[in-house]
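Subject: Structure for you to look at

Hello,

Here is the structure I promised. Please open it and keep it on screen while you read the notes below.

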Amino acid sequence: MMRHLLPAAPAALAALLLATSCGAADGAVNEDGSVDLSQVTLKVGDQIAGAQPLLEAAGELDDVPYTLEWSTFTSGPPLLEAVHANAVDIGQVGNAPPVFAAAAGSDISIAAAFDASPDGSSIVVPPKSDLTDPADLNGATVAVARGSSAHAHLLGVLKQEKLAFEDVDVKYLQPADALAAFSEGRVDAWAVWDPYVAQAEDKADAEILVNAEGYSNTFSFQVANNSALEDPAKAAALEDYIERIHRAVVWSGRNPDEYAEVWAAHSKLPVEVTRVAAERRHPTPRRVDKELIALEQRLADSFAEAGEIPKAPSIADFTDDRFNHLVPK
């Protein structure tokens, strides 16, 4: 059972919240405490590299016992704004959006986690660019989505090269605007994630200056609203949903071509682009544990030290490990 809403930008968040604020889990808990999942609507936030095409390709949407209501966002930060506002129950984001959301005191928790290949996040430059080494970013104009995983990657590169954000002319742009600026030569480099890296390579002959290897963790997360986690009916649906995500992620690593075909149909990107992106992502489910929390805390501390957030939040306070048992052995 699925419904799909129109793409949601920050300006549309209020309308989305109004449209989805009804008590979707009302009446789903029986007198004996069991849950009737057919009475539950799970509101899912997604991105172009998101969960819906992944689940569809893996056959995980064929027998969902609850209603899935999808909303599409341009990147992780506006998606988590919707999660905080209770317009969305859960959504898929990269490593940095939970840091920024936690720093703002958002009502969210990391509920599931995944490792990914550092090849899936890159800083790209135009062909024959004068930028041939990460140190060359000093004084360059760089496009990046604020609060995104690419923002974390850029931070890591600058930190390792002993540069500050003040040493770079940063243009905070969402991916569609950044692609236009990059293609038109209005920026010297673009920090971004797949499939946009592959799209830039395909459309603008972009070259990879540096990937995320050694610069940043490459976690992605399923992040849930705390009220949904505290609702017995929603929590039951979330458990089923996260288990499906885990299975689909494992399947996609073994079947990148089939995944790329469905991904292309959803995103309207050429299959050649989604195939490249699918082949180099290599995601793996992992536990929300002390090691992960420590690495995310290190990222939060780095953002605070760089002045990108006022104060580093305690990442442990924004995690929920109840679904760790779902991680495949």
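Predicted model: local features only at pLDDT ≥ 70, side-chain atom pairs only at ≥ 80, totals over all residues.

Cavities

How many cavities of 30 Å³ or more are there? The count comes to two.

Start with the largest cavity. It holds about 580 Å³ of space. Its lining has 32 residues. Closest to the centre are Gly94, Ala116, Trp193, Ser220 and Arg281. Four elements each supply at least two lining residues: β4 (90-93), α5 (149-160), α9 (232-254) and α11 (271-281). By class, the lining has 17 polar, 13 nonpolar and two charged residues.

Now the second largest cavity. About 30 Å³ of space lies in it. Residues that line it include His246, Arg286, Phe323 and Asn324. Ala111, Ala112 and Ala113 belong to the lining too. Strand β5 (residues 108-115) gives the largest share, three residues. Here the classes are six nonpolar, two polar and one charged.

Helix α6

Next, find α6, residues 175-183. Which of its residues are buried? They are Pro175, Ala178, Leu179, Ala181 and Phe182. These residues lie on the same side of α6, because they cover an arc of only 165° around the axis. What covers them? The cover includes strands β6 (121-125), β7 (141-144) and β9 (189-193). Helix α7 (196-204) is also part of the cover. Just after α6 comes Gly185, with a positive phi of about 75°.

Best wishes

Conventions
Residues numbered from 1 in each chain as written. Heavy atoms only, no water. 1 Å grid on protein atoms, 1.4 Å probe; cavity = no way out; pocket = protein on both sides within 12 Å on 5 of 7 lines; lining within 4 Å. Points joined across faces, edges and corners; volume = space filled by probe spheres on them. Nonpolar A, V, L, I, M, F, W, Y, C, P; charged D, E, K, R; others polar. Buried < 20%, exposed > 50% of the residue type's maximum accessible area, 1.4 Å probe, protein only. Arc of directions from axis to C-beta. Contact = heavy atoms within 4.5 Å.
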